[in-house]
Structures are given as structure tokens and as C-alpha cells.
Amino acid sequence: MADWHTTVTAAALARLLSTARLPEPATRRPAYRTLAGQIRLLVTEGRLPVGARLPAERELALALRLSRTTVATAYEALRADGYLHSRRGSGSWTALPEGAPPPGDALHPMPPDEQGRTLDLGVAALPAPQPFLGAAAARAVEQLPAYATGHGHFPTGVPVLREAVARRYTERGLPTSADQVLITIGAMGGLHLVQRALIGSGDRVAVEAPSYAHTLQALRRGGARLVPVPYASPDGPTRPPRWDLAEWRRVLHGAAPRAAYVIPDFHNPTGALVDEEQRRELLAAARAAGAVVLVDETTAELGWGVADDAALPRPTAALDRSAQVVTVGSAGKLLWGGLRIGWVRAAPALVRRLAAERVYSDVGAPVLDQLIAAELLGEPLEAVRAHQLARLRAGADAFSDALRTRLPDWRYAPPPGGLAFWVSTGGLSGAALARAGEQVGVRIAAGSRFGADGAFEHHIRIPLTVPAAAVPAAVDRLAKVAARAAAGGRWRDAADEGQPLAV
């Protein structure tokens, strides 16, 4: 069995290295030490996975326009420090020195033993809507005996939930029948099923830049080659970004991707809302290129800044029935992530195919969770939405006030909805902020995690799910982390490269 689990091409590593900015100017150290420090930084930040096979010395030297001796010496320095392992005939792969902690990941749920002593600004997830969840769970338990007489396996989902999801799509302007809906274990479960069915290893997938970090990583791990499509520059610093349709047409025509993955409704992480005309244009370009459009609607119900639901765009699949559109949704963002309920809306034939293939992995989502979700998507839905959107709106207002006061150099475009602010940190490295935060008990999601090629180094995502009353204290701590990151951006010496000085 190989000691490495993924391969990084010379071109991909060159792109990552271009975003790995060391705190000390490169002129102060030899080129090989700069290169070694950049690779070490990528590994310790988690942007370059442990166990990633690096390019051969000659290949990387050509990509970076450096001498082979420089690359070879950098690799040797990394081996000496424990960040690289090599074997003749197998190449070199990234590693961590023995005893070193693994890279932190603020986007993963916080371990229970850290709760209460760590400020979590990484995970963007709302608490359950009470008392609605408790009441729905009680009604679901009453229904459960009717399902307990059988085997409990529903590969396409419990019928009552499929019907509830279909009804909600119809209410939003996309007529849908239950046979077009597959219930999955969370939205990520649905994305994995679709990816395995429609996207092969080596296929190109066009993605927004930035985009949802976990999906980008899932696509990479499945062997997809990501083609980032940047947003168009907004009309001023406080205007939300828009799709760059000219760039989308260029990528769809020139790169011929197998699929395009987009989040048009209160985008994660920017909160942007794409209008119907832009959606139609993208669908037309994708149809002409023969690309599947994978639409992530997990945040579609989170329009806390929209005065009237009637002004919302219809679901993307409603705008071009001839285009091949697959939609993924979730109960996790609006209702509660603990339910672990998601769904795929697609043509009935694809739904049947996905249901047949999933039996080799999870068979189906938990019945009780499905019954609870069906209850919440019924009569209580509008009250639940009002409850959750009020939470997000209060969080957004509180963060706007606190950031303006404590971090006035940071900039963001106030979004019309979604779970987060996408914040430009005034030149501070998001990765440096995340590292400084780890030292003082603040989890921060660095912007580079949301880029397909390590871009957005000077951004972070701030979740609006922090209770409004706790926001001023949270931003005070964030400001202290920013000061620590700015003051701690030096390296002790050659032996300690990668370890920021304590402030």
C-alpha cells in the first residue's frame, strides 16, 4: 500500500505556493529556505494534505522557474525537519514530524471538550428552532410504530418526507413530484451520491471562486479537476458580487467541464443572491457545452435580508427544463443540522439510479429523523423560518455594528441572506489569523479554504449564527486575535520557520 493517498501536480503546487505568504520578506533567506517554508506552511495550515505525493524535483523546478538544486535542497530541508518522507521509486510525500499536532480545521464541528472555553467562529450552523423541534419530534414518535413493523429501509426516502420536499419546491415555483426526490443523509450525502454517479475521476468541474469548502474538498478527493470561475467585481465595496457570465461562458466552452457546481441562493460564503436572468444565461451556456449543472440549494431558505419572498428568484431548475440540472437541498441549515436530512431533486430515472447505488453505502436516512423533518416542513414551516431568520438578522446587525467599531479596516458586502459575512481583512492573512486564534481559543475559518487553488488568503468567513448578545464580546476577541496575528508575523530562525512568535 502506498504511503501517500493523493498526488499534487507541479502546476497545482505552484498555484498553492503563490498564496503561501511567509511573514518575513523572502529576500532575507535563500530561495531553498523560502520554498521549504512555503511548503511547510501549506502542510501546517492543512491546505496541502498530509500524505500528498509532491512533484519530482525537475518538474517542480520547471513550474517554479527555479534551479533543480534549489528544489532538491528544499526537499532535503523538509525531510530533515520531518515534513517530507521519500523512498526511491515511490517519490516524496508530505508528513508531520512525530508528535506534531495535526492541522486545525475550524470548519469541522468543535469537539465537546472544547465547548465553553473556545469561541467557535468556524462552523456556520444554527441551533434547533425550539419549541418547534420538540413538538415535531413528539408527533413523529407517535407515527413511528406504523413504520416499525417493516425493515425500516427506504432507499428513496420515507414517502411523507419526499412529498413534503416536493410540495415545498412546487410552492417556490418549481413543480415537483415525489418521484423526483431522493432523501439522503445530509446534503453532503446527496452530493457524494451525485458525484459518484455523474463525475468520474479526472473529469473537470467548474466551480465558483470562492465556494463551499467541504464540497471543493469532496470533489478533489473524488478525483475531479476543479476549474475556478471568479465572481465579477462588485459595483463598489458594499455591493454583493455577481456571476461573471463572460468567464463562465469561456470556461464552459474552453475547458469542457463535465459539471458546473454553483450556489446561487445566498451563496456560502459570500451570501450573494443570483438573479433569474443570470441563472438562465448560465443554464444556456451549460446546455450548449453539455455540462451538468449541480445546484446547491442548502441555503435557499435563508433570505433574512429579503423583505418579500415573492421577490426571490425561482429555483434554478425551474428556469430551463431542457438543461440537465440536479439540485441538492438540506434541512440542516434552516431546521437543524442534527437531523442529518438532505435531498436530491432530479429526473425520476436518475433518482432511481441513485437509490439503487446507495444500498452499497448507507441504504437510507434514519426514519425518525425523516418523520421529524416532514413535520417541520409542513404547517410549522413559516413560523420556523421566521424564527431562524430573525436569529440570523439579529446576528448580522450585531456583527455589522461591532466590526464597524472594533475592526474598521475590514470590509465586506452586506448580503441579502445566508449564514455568514465574507470579510476582507485589510491585508492580514486569514491563515495567520486562524493560527493566532488557535493559540488563544478562537476558531477562525481562513478564506483560503474556500478557494479551489488556495486563493482568498486575505479573507475570513464570519458566521452569523453567533447569538446576537454574544457578538460584541466575540468581535473583541477577534480584534485581539488580529492584533496578535499582525504582531506575531515573524519567524524565530531557520530552525523554527513556521512557528509564529508569541505576543
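Biologist: Which residues do ring pairs link into a cluster?

Modeller: In this predicted model, Trp-422, Phe-450 and Phe-456 are joined into a cluster by ring pairs. A search of the whole structure finds five aromatic pairs.

Biologist: What makes the pair of Tyr-147 and Phe-154 edge-to-face?

Modeller: The ring centres of Tyr-147 and Phe-154 are 6.1 Å apart, and a pair requires centres within 6.5 Å. Their planes stand at 70°, and over 60 degrees counts as edge-to-face, so the pair receives that label.

Biologist: Why is Phe-154 called partly exposed?

Modeller: Phe-154 has a relative accessibility of 22%, and partly exposed lies between the limits of under 20% for buried and over 50% for exposed. Tyr-147 is likewise partly exposed, with a relative accessible area of 22%.

Biologist: Why is the pair of Tyr-412 and Phe-421 called stacked?

Modeller: The planes of Tyr-412 and Phe-421 are at 15°, with the ring centres 4.4 Å apart; planes under 30 degrees apart count as stacked, and the pair is therefore stacked. Tyr-412 and Phe-421 are both buried.

Biologist: How do you know that H14 and H15 are roughly perpendicular to each other?

Modeller: Helix H14 (residues 430-440) packs against helix H15 (residues 471-487) at an angle of about 115°, the axes being 9 Å apart. Since 65 to 115 degrees counts as roughly perpendicular, H14 and H15 are therefore given that description. Their crossing is right-handed, and the residues making the contact include Ala-432 and Leu-433 of H14 and Arg-477 and Val-481 of H15.

Technical notes: Residues numbered from 1 in each chain as written. Predicted model: local features only at pLDDT ≥ 70, side-chain atom pairs only at ≥ 80, totals over all residues. Heavy atoms only, no water. Axes fitted to C-alpha atoms, helices over the stretch in contact; angles between N-to-C directions. Helix = DSSP H or I, 4+ residues; strand = E, 2+ residues; numbered from the N terminus. Parallel < 35°, antiparallel > 145°, perpendicular 65-115°, else oblique. Left-handed = near helix turned anticlockwise from the far one by under 90°. Contact = heavy atoms within 4.5 Å. Phe/Tyr/Trp six-rings, centres within 6.5 Å; stacked < 30°, edge-to-face > 60°. Buried < 20%, exposed > 50% of the residue type's maximum accessible area, 1.4 Å probe, protein only.
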